[in-house]
Amino acid sequence: AAARAALNLLTFQCFSPGGTIGVAKWNGRETPGGGFSKHAPCTPSSMLHTFLIGKTLIDTLRLNILTKDLVVGNVSAKGWGKPIWEFRISTANDAEAKENASLTYLGRLVPCSRAIHLDEAGTSIILGNAIDYPIYPIFREPTATIVPRKEEFGVLHASTDQGIWRQLHAITVKRRSDGDNMAGPLALALNTFSADATLWIGAFVSDQGKIEDVIESAYTVPAALFDVDGRMAYEAGVKHAEASASALRKAIVFYFTTTRHSSSTERLSAAEQKQVRKFSDIAAIQFWTRVEQCLGDLFTVAREITPPKQLGESLWGRAVRAAAVEAYERSCPCRTPRQIQAFAVGRNHLFASPASTNAKKNKAKKSTA
């Protein structure tokens, strides 16, 4: 029971969302924040956390422990630091201890985002706000992935409507030097991958102070994903599937437009557009569920560094095409003459190649000019 309570306490200190909170007394002084708390360090932006998984618990710890040289300059300007049990926070105004706890690698391993007093009987607690934990770029969470965001960099966040595997090409980027902002978890830089590796990736998804979901996945990925060429091939494979998902949505729009009007170029009413979006969303779920079952074929694309032009004929490309066809056929009935006509119109758009689509656009521009 004590071990479970300790684990729950540590989890709460890492992932507690911000918001309204009670004010308590901490060694005679009120807890900071005035009744408001910020996110605990692992929660902001619903960041994805990644760990390398070994054959045993000890092996897993070894794979993810960082060196002092890697931490200094890559995590925080305050560097290595001390665990909080060696540098205790006596009061909420203890600036030096708070700096160690919130801005050093060892200090943040056991956060103190909430001031908690456990009742000895184990029946109640006193809860208040404690320390604020800066996030990237002030502090780089070692298990997070940093990606470009418009004109700056930020943490890679989780999405409840997108599989984590679609971000693996970003997560598996190994940090090569202190000048690299974009990179996956720092532990990757300390490991050499000559064989498949297992990654656990998860996130606590929140919207301001509201808890939305907890997501996690484990993948055994090919060593090629940790090299530039393999990652590029994998990313191209993901984009190939995303392009098919986009074409599927367009095909469904053309189908429903044609079933309701004499021409597929006529506009749908607001109510009809809402209905089409509903069908498109259902089809997209069916498509991505089917595609994810063939993830091994995408890993083969990375291993073999399949060129983008050959993706369509690869096992992955065929799986993507089959998933798009199945989702389209489920969403678009083909019984009446108008439905048969609409089905054919939509299917043409489903498999229109990018080259032919661009040619049509250019032809339309020339005729307009």
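Mentor: We'll take the cavities, then a surface patch.

Mentor: This is a predicted model, where local features need pLDDT of at least 70, side-chain atom pairs count only at pLDDT 80 or more, and totals for chains, interfaces and linings use all residues. Residues are numbered from 1 along each chain as its sequence is written, and side-chain values use heavy atoms, without hydrogens and water.

Trainee: How many cavities of 30 Å³ or more are there?
Mentor: There are 2. A cavity is a set of points on a 1 Å grid over the protein atoms alone where a 1.4 Å probe fits but cannot get out; lining residues have an atom within 4 Å of a point.

Trainee: What lines the largest cavity?
Mentor: Q286, F287, R290, A323, E326, A327 and R330. The space inside is about 30 Å³.

Trainee: Which helix gives the largest share of that lining?
Mentor: α10, with 4 residues. α8 (270-292) and α10 (315-331) each supply at least two. Helices are DSSP runs (H or I, at least four residues), and strands are too (E, at least two).

Trainee: And what lines the second largest cavity?
Mentor: P41, M47, R108, I135, Y136, F139, R140, E141 and V155. Its volume is about 30 Å³, meaning the space filled by probe spheres set on the points.

Trainee: New topic. Which residues make the nonpolar surface patch?
Mentor: L9, F12, L118, I125 and L127, covering about 400 Å². Patch residues have over 30% relative accessible area and no salt bridge, with nonpolar side chains joined within 5 Å.

Trainee: Where is L127?
Mentor: In strand β7. L127 is partly exposed because its relative accessibility is 31%, and that class runs between buried (under 20%) and exposed (over 50%).

Notes
1 Å grid on protein atoms, 1.4 Å probe; cavity = no way out; pocket = protein on both sides within 12 Å on 5 of 7 lines; lining within 4 Å. Patch = residues over 30% accessible without salt bridge, like charges linked within 9 Å, V, L, I, M, F, W, Y side chains within 5 Å. Areas by Shrake-Rupley, 256 points an atom, 1.4 Å probe, with all protein chains shown as cover. Salt bridge = Lys/Arg side-chain N within 4 Å of Asp/Glu carboxyl O. Buried < 20%, exposed > 50% of the residue type's maximum accessible area, 1.4 Å probe, protein only.
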